[in-house]
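Subject: Structure handover

Hello,

Here is the structure for your files. Please load it before reading on; my notes follow below.

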Amino acid sequence: MMDLLVKLIQDAVAGYVDSGMPMPQPGISIPANETHGDFSTGIAFNLAPVMKRPPYEIAVEIAKKMGDKTAGIIDKIDVVRPGYINLFMSRKFWHDALQDIMDKGTDYGRNNTGKGKKVLLEYISANPTGPVHVGHGRGAVIGDVLARILSAQGYNVAREYYINDAGNQVLSLGYSVLNGYYKNRSIDRAVSRPGEYQGAYIDDISNALDSRIPAADIDEEHIGLITGFSVQVILDEIKKVLQDFNIEFDNWFSEKQLYHDGSIAGVIGELEKKHAVKQEDGATWFLSTHYGDEKDRVLKKQSGELTYFASDIAYHVNKYARGYDMLINIWGADHHGYLPRIKAALAALGYDAEKLRVMFVQMVRLTRGDKPVAMSKRAGEYVTLKELVDEVGGDAVRFFFLQRSHESQLVFDIELAKKQSQENPVYYVQYAHARISSIFGFAETKGWNTDALQHRQDYVFSGQEKRLLSQCLLYPGLIAEIAVKREPHRLTYYLMDLVGILHKYYTDTRVVDSGSDTDQRLLLMKTVKIVLKNALELLGINAPEKM
RNA sequence: GCGCCCGUAGCUCAGUGUAUAGAGCGUCGGACUUCGAAUCCGCAGGUCGUGGGUUCAAAUCCCACCGGGCGCUCCA
């Protein structure tokens, strides 16, 4: 329905825009002050600098043109200094809007702005050396919700988890387990390296070791076997925890595979062909300074081992080869220094580095009350995603993580989240959905057939009712914008607004009475419920009928 | 020292050009014999880190500085 309004504005603006210029997307907002209309646009402000004329003059002209062709949906157009165009919508508009949402139902908010573009979304990718912790959880929620939103906008999204199952860290995991095994069995045997991982999960794997591997084979000679088993156990647990948290992947991509199929060596060979490699101090270096990085980077160490950087290049080359239009990576903010070298390598190999978009998710700091909770893998002391979800609930964790921009650091007070779980904002939103369900239940008991409500076009919506509808009308545009800008957190704020209006309306207005307007109010509740349910679905949060 | 992110109400954070700067939590005070009070209403609380600049218009853009987090490994 807003498309129609946007088109009316654009038609009026068309004369000002040169054929070469893209049509500006008019921003439409709901004014805080209702004397400023049902909707307002600041399109004249965007045009003013281009045309070098005062915004007010432009607004007057646009308003005049719009007034000539309102398609029956606009009653009145006001122009207010310094250049706002305020729109008062017609009765027909509101009824058409309500009907449109009803007709679309679960498809309301779905769109094809993505036009089938293939997107690879990589997120979490936590190392299989320990459980997923809350920092990963934040990336998990952002990635999952973004994937849902992109899919709803017609993008063809593949979700991927990159498993760092090669290299030193998993070897270190193997040694940690082996050492744990010796210690638990009081076996006094020297091992060439200590292993850096600690915690109850290491003990668990150690204890399970001889259930899978013959006891005679449990020694340093078979460290590869032990490592493989340990990674498998941890990975299974990661998959289970994520699945329980309703986070799925289309593909689990193994780093090891890149070693086995020779693609890392292949990539280094390609870089050599491009003369982007040097030998120095017995190591092989990528000349990333030639491509905008601040220093050159080692691909193959003096020891002959490949670096993670080398396999990461091969991984990204693999992504490009799979033919995606866009690659989105969600990384922890502590990896931001890593991006220039990846982009440098891709540029050196002739790939369009612009296709790669990395979202850096800032740190999560945990507290219990005023006391910070240490997050150290080394000490084996950290709060896992599973623990957090078990304590606070999955819906609340999702909502909480999406109440901040991913670019802001986040303080998560576990005590507070537990203590106030009943007052968590997520309940505020869910309660609205349950409340509407409850209204319908009540209406049924009073004899209304809520599946056959009569939509009467002569009903005049109150100010609050129009406000509710207009908030619902912003929804599709919001989802489209969130997809383009990759800002999933905005959806929680939208919901808080919508639900706030609904709760107030409920307090002020009796929906079900004996009068004939009850049908109209029930229809309105139905549209709000549709939007609530669709939005919660995108957040992966339950929309309960009862609480 | 260099790079990225942040600095907005007591706390945690939205808002990133334009009409009196918002929410949640917290404080205080009100509203259930009527569709769910997990709700609603009201009061209090802000030099939008500081100083310059651009603009008809700056929390928002630019510059400098101050403060906090993270990163600057032949670590992963």
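By class, which residues make up the lining of the largest cavity? Four are nonpolar, two are polar and one is charged. Keep in mind that this is a predicted model.

The cavity first. The structure holds one cavity of 30 Å³ or more. The volume of the largest cavity is about 30 Å³. Its lining consists of I142, F401, L402, R404, H406, P488 and H489.

Next, helices α13 and α14. Helix α13 covers residues 385-392, and helix α14 covers residues 394-401. Their axes lie 7 Å apart and the packing angle is about 110°. Angles of 65 to 115 degrees count as roughly perpendicular, so α13 and α14 are roughly perpendicular to each other. On the α13 side, the contact is made by L388, V389 and V392. On the α14 side, G394, A396, V397 and F401 take part. This contact of α13 with α14 has six nonpolar residues, one polar and no charged. F401 of α14 belongs to this contact, and F401 also lines the largest cavity.

Last, helices α11 and α12. Helix α11 spans residues 308-321 and helix α12 spans residues 339-348. Their axes come within 10 Å and cross at roughly 55°. That makes α11 oblique to α12. The crossing of α11 past α12 is right-handed. From α11, the contact uses F309, D312, I313, H316 and Y320. From α12, it uses R341, I342, A345 and L346. By class, the contact of α11 with α12 has six nonpolar, one polar and two charged residues.

Best wishes

Definitions and conventions. Residues numbered from 1 in each chain as written. Chains lettered and ligands numbered in written order. Predicted model: local features only at pLDDT ≥ 70, side-chain atom pairs only at ≥ 80, totals over all residues. Heavy atoms only, no water. Axes fitted to C-alpha atoms, helices over the stretch in contact; angles between N-to-C directions. Helix = DSSP H or I, 4+ residues; strand = E, 2+ residues; numbered from the N terminus. Parallel < 35°, antiparallel > 145°, perpendicular 65-115°, else oblique. Left-handed = near helix turned anticlockwise from the far one by under 90°. Contact = heavy atoms within 4.5 Å. Nonpolar A, V, L, I, M, F, W, Y, C, P; charged D, E, K, R; others polar. 1 Å grid on protein atoms, 1.4 Å probe; cavity = no way out; pocket = protein on both sides within 12 Å on 5 of 7 lines; lining within 4 Å. Points joined across faces, edges and corners; volume = space filled by probe spheres on them.
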